[in-house]
Amino acid sequence: MANDTGLPLLHETPETGALPHGGDLLRLPFDNSYARLPDRFFARLAPTPVGGPRLMKLNRGLAEELGLDADALSSRAGVAMLAGNRIAEGSEPIALAYAGHQFGNFVPQLGDGRAILLGEVVDRRGRRRDIQLKGSGPTPFSRRGDGRAAVGPVLREYIVSEAMAALGIPTTRSLAAVLTGEPVYRETALPGAVLTRVASSHIRVGTFQFFAAREDVEALRLLADHVIDRHYPDARDEAQPYRALFERVIARQAGLVARWMLVGFIHGVMNTDNCSIAGETIDYGPCAFMDHYDPKTVFSSIDHGGRYAYANQPRIAHWNLARFGETLLPLIADDAEAALAIANESLGTYQRLYGEALMSGMRRKVGLFTAEDGDAALIQDLLTAMAESEADFTLTFRRLDPELDISARALFSQPESYDAWAVRWRERLAHEPQDAATRRQAMRSVNPAYIPRNHRVEAALAAAVEGDYAPFEELLTVLARPFEDRLEYAAYGEPPSAGQRVCQTFCGT
Ligand code: AMP
Ligand code: MG
């Protein structure tokens, strides 16, 4: 790995030029804790400048949350920074080293092949957030890739990550998307773009695997300590801090995947390098939301075996966590067998945590505030009926109403199966203390009306590639308030017609 330990280079293209205020306009309050780790954790290098940076979208709300000046970010100097043409004061750009299991096969070196971490800022609520450019040019980790991203995948990540945030699901965020003014070559030439991604951190299971594969226990300890300080400070006070770290990551991942399952989200490429230690949804490549309920649903064009199908996600998260646990063994105990026994015991908590998170979420989705033994079967039977009837996942839950069966019923190709289930559901609801209005309100606050349906996302991207951003903007507007019915946007709640269905997604790398 080439590791340029010199100071970050300052690149400036003639278009952006030096500004009268020097870097003043772009004084971001960087405090780069990861860049203070040893050199073997990353490569220092600046983004590669691009020819014609143009801002497509700035997330002003997120800028505000981060304590950044949205006007400065959308100024010429700001856009130059967001395109990688200018290094803001205090930024220490680095590409992170990591490894990972891709579709089950271990690759000892992956790393940020097309992303560069500009630095970290502490947001208004005191949370440390990474600011990273994605698509900002080649790095020592690029292998055969060009280090670039096309406009479609950049805007897809923007739309879906912001939709996830609005749904209340832990996720990386999107601060900005800029056009580079340069083509990228995939199957055809496409407009190039850079996404500015914001994350609690970009540390992955694969980051630990990178050092474990090199038997670099010192680095593993430094990394684990960094993660504890940054994400799980209370683990420090436990008798066994590294075991506590493992268990906290297990709990976050279990909760995260349950949240995905509850909204019909399919990540699509749950490799260990795409599994965030902070428990955020990360790496929006071929991800998509399910329309009609089918647990076998796969969108990704490269997932031939269905490894990352909807119903497999909880199992895969468990598998990824086992790989994480392996990397921690030398920290957990000196004796290898003892360490393994401890780690296995910790890993054993996953099933229960996941099961509880899923069940409590599902109960809320069907309007149950209390727990009874038969609830799991009741919910499973609804899902089975939905699968048999190809009922729309999102709309079925949104329309469930014990006083008005007709709208949910209409989503079932075999409506009798809904009727039979609804009889049992009403019997069960009779045991609930809540009145109908409270229940209805509670259900509407967990069952979204609007998700980023794939046909809508694809249509917005297709228009944006042609320079028309209106569908992209409107889609963002709709998805920003997913639980609120809005008459003027009713069509966005509808599933695709047979002709509109988009069944495949691509990584776009
Ligand atoms: P992903 O499947 O997007 O998580 O990426 C897996 C690995 O491939 C990561 O190490 C990426 O940095 C790298 N990669 C993906 N696309 C590119 C690209 N266009 N240029 C260089 N590296 C890439
Ligand atoms: Mg990745």
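Two residues are in contact when their heavy atoms lie within 4.5 Å. The structure discussed here is a predicted model, in which local features need pLDDT of at least 70, side-chain atom pairs count only at pLDDT 80 or more, and totals for chains, interfaces and linings use all residues. Residues are numbered from 1 along each chain as its sequence is written, chains are lettered from A and ligands numbered from 1 in the order in which they are written, and side-chain values use heavy atoms, with hydrogens and water left out.

Leaving aside neighbours within four places in sequence, its contacts are Glu157, Ser161, Arg197, Val198, Ala199, Glu280, Thr281, Ile282 and Tyr284. Thr172 belongs to the loop between helix 4 (151–166) and strand 9 (173–185); helices (H or I, at least four residues) and strands (E, at least two) are DSSP runs, numbered from the N terminus. Its relative accessibility is 1%, so Thr172 counts as buried. Here buried means under 20% relative accessible area, exposed over 50%, and partly exposed in between, with a 1.4 Å probe and protein chains only.

The metal site comes next. The magnesium ion (ligand 2) has Asn274 (OD1) and Asp283 (OD) as its protein donors, 2.0 to 2.2 Å away. Donors are N, O and S atoms within 2.8 Å of the metal (3.2 Å for Na, K and Ca), and because water is not among the atoms, sites may look incomplete. Asn274 counts as buried at 10% relative accessibility, and Asp283 is buried with a relative accessible area of 16%. Asp283 is found in the loop between strand 11 (265–266) and strand 12 (288–289). The phi of Asp283 is near 75°, a positive value in a residue other than glycine. Arg143, also not a glycine, has a positive phi of about 50°. Arg143 lies in the loop between strand 7 (128–134) and strand 8 (149–150) and, at 58% relative accessibility, counts as exposed.

Aromatic side chains form a further theme. The whole structure contains 20 aromatic pairs, where rings of Phe, Tyr and Trp (its six-membered ring) pair if their centres lie within 6.5 Å, and planes under 30 degrees apart count as stacked, over 60 as edge-to-face and the rest as tilted. The ring centres of Tyr34 and Phe41 are 6.1 Å apart with planes at 75°, so this pair is edge-to-face. Both Tyr34 and Phe41 are buried. For Phe412 and Tyr418, the centres are 5.4 Å apart and the planes at 50°, so the pair is tilted. Phe412 counts as buried at 5% relative accessibility, and Tyr418 counts as buried at 0%. One aromatic cluster is formed by Tyr34, Phe41, Phe42, Phe210 and Phe211.

Charged groups also sit over rings, a term that requires NZ of Lys or CZ of Arg within 6 Å of the ring centre and within 35 degrees of the ring normal. The charged end of Arg307 sits over the ring of Trp319, 4.9 Å from its centre, and Lys365 lies over the face of Phe397, 4.6 Å from the ring centre.

Finally, Val257 lies in helix 7 (residues 241–263) and, at 0% relative accessibility, counts as buried. Beyond residues up to four places away in sequence, Val257 touches Met270, Gln313, Pro314, Ala317 and Tyr354. Val257 and Ala357 are 100 residues apart in sequence, with their C-alpha atoms 9.0 Å apart in space.
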